[in-house]
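Please look over the structure below.

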Amino acid sequence: MKSPDSKMVYVCNRYSGTVSEIDPAAGTITRTVKVLREPKAAVFSKDGNYLFVTNYLPAQRADVDIVAACVSVIDMATFTKIKDIQLANGSNAVRGICISPDGKYVYTSHNLGRFTVPTSQLQQGWMNTSAFSVIDVEKLACLGAIVVDEPERGAAGIWTMDCTEDHIFVIHSGTHEVSIIDHPAMRKKFEAYPNKDNLSYDLRFLYGLRERIDLEGNGPRNMVHRNGKLIIPTYFADVLNFVNVDTRTVSSVNLNPGREETAEHKGEKYSTMQPNVSRNGRVVMAVIPVMPAPTV
């Protein structure tokens, strides 16, 4: 991503756990800062003073009471990490991040694992749900997590998100959809919610506030919002979707007609998209990749 003045480029070095500042004119790395674990995406505060960086996975051990991923905050003046904002307990796979146009909130998308409950069912988000957290930019604190699943219909594979004054856009890779959320109505309801710790269990919070749009293809992950349209490619199908935000209509272009999946492509798809979810969001089967036992 580029700096607000477009002079510098910032890169998340996922597997080294760092963020680098690059001067493209000089072709040099000017500064590097360590974050927590697998930085994946970032967004600047509106004044440019802070860089908010998602950490894909929690940094804690898995056998403690609190296991949660964090958003790291980088002070741009000194290019040092000044805080790790902990998300809701069980948060992991933190992918997308955006900032509200007024600069008050940062939104970040992630899974929520319910590791404190018995593994007795999958329905209604018992084990895993998809959510996005709301971070107060002034306080540098997480206020709560909003679940995007519904009681009768899952929204698996939350990925990229973006927002305007009027809408929040959320990609669901597992159900091949994009959610369009009424931003002002969501904020009003969120700010009035009495106990925000309970939000991460409220599967009805977004009732009446969003519309789910089916996309063509399989496995959308990223999107670009331009001139009232969402441009959304699909990872496993080579299909490019164009969503008109005002009319909610979808058109698509097949970028690779006649494409045939190889065994390797199918293996990646089946192992990545777990559980497999039908178009109505219901779990069909859970695909668990099994590693071969080492030979002796």
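Strands (E, at least two residues) are DSSP runs, numbered from the N terminus. Two strands pair if DSSP finds at least two bridges between them. The model is predicted: local features need pLDDT of at least 70, side-chain atom pairs count only at pLDDT 80 or more, and totals for chains, interfaces and linings use all residues. Residues are numbered from 1 along each chain as its sequence is written, and side-chain values use heavy atoms, without hydrogens and water.

An open sheet holds four strands in the order S17-S18-S19-S20, with antiparallel pairing. Its edge strands, S17 (224–226) and S20 (250–254), each pair on one side only. Neighbouring strands are turned by 20° against each other on average, direction ignored (axes are lines fitted to C-alpha atoms; angles run from 0 to 180 degrees between N-to-C directions). Five bridges link S18 (residues 229–233) with S19 (residues 239–244). Within this pair, leucine 230 has valine 243 as its bridge partner.

Strand S10 spans residues 105–113, and nine of its nine residues are buried (under 20% relative accessible area, 1.4 Å probe, protein chains only). Tyr105, Tyr107, Ser109, Asn111 and Gly113 point one way; Val106, Thr108, His110 and Leu112 point the other way.

S10 pairs antiparallel with S8 (residues 91–92) over two bridges, and serine 91 faces leucine 112. Three bridges join S10 to S9, also antiparallel. Isoleucine 97 is bridged to threonine 108 there. S9 and S10 form a hairpin with five residues between them, and glycine 103 in the turn has a positive phi of about 80°.

## Phenylalanine 52

Phenylalanine 52 lies in strand S5 (residues 50–55). Its relative accessible area is 0%, so phenylalanine 52 is buried. Beyond its neighbours within four places in sequence, its contacts (heavy atoms within 4.5 Å) include Ala42, Val73, Ile97 and Val106.

## The second largest pocket

This pocket has a volume of about 530 Å³. Of its 22 lining residues, the closest to the centre are Met1, Ala42, Ile97, Thr160 and Met223. Strands S1 (9–13), S4 (39–44), S9 (97–99), S13 (158–163) and S17 each supply at least two lining residues.

A pocket here is an open set of points on a 1 Å grid over the protein atoms alone, where a 1.4 Å probe fits, with protein on both sides within 12 Å along at least five of seven lines; lining residues have an atom within 4 Å of a point. The volume is the space filled by probe spheres set on the points.

How values were computed: Buried < 20%, exposed > 50% of the residue type's maximum accessible area, 1.4 Å probe, protein only.
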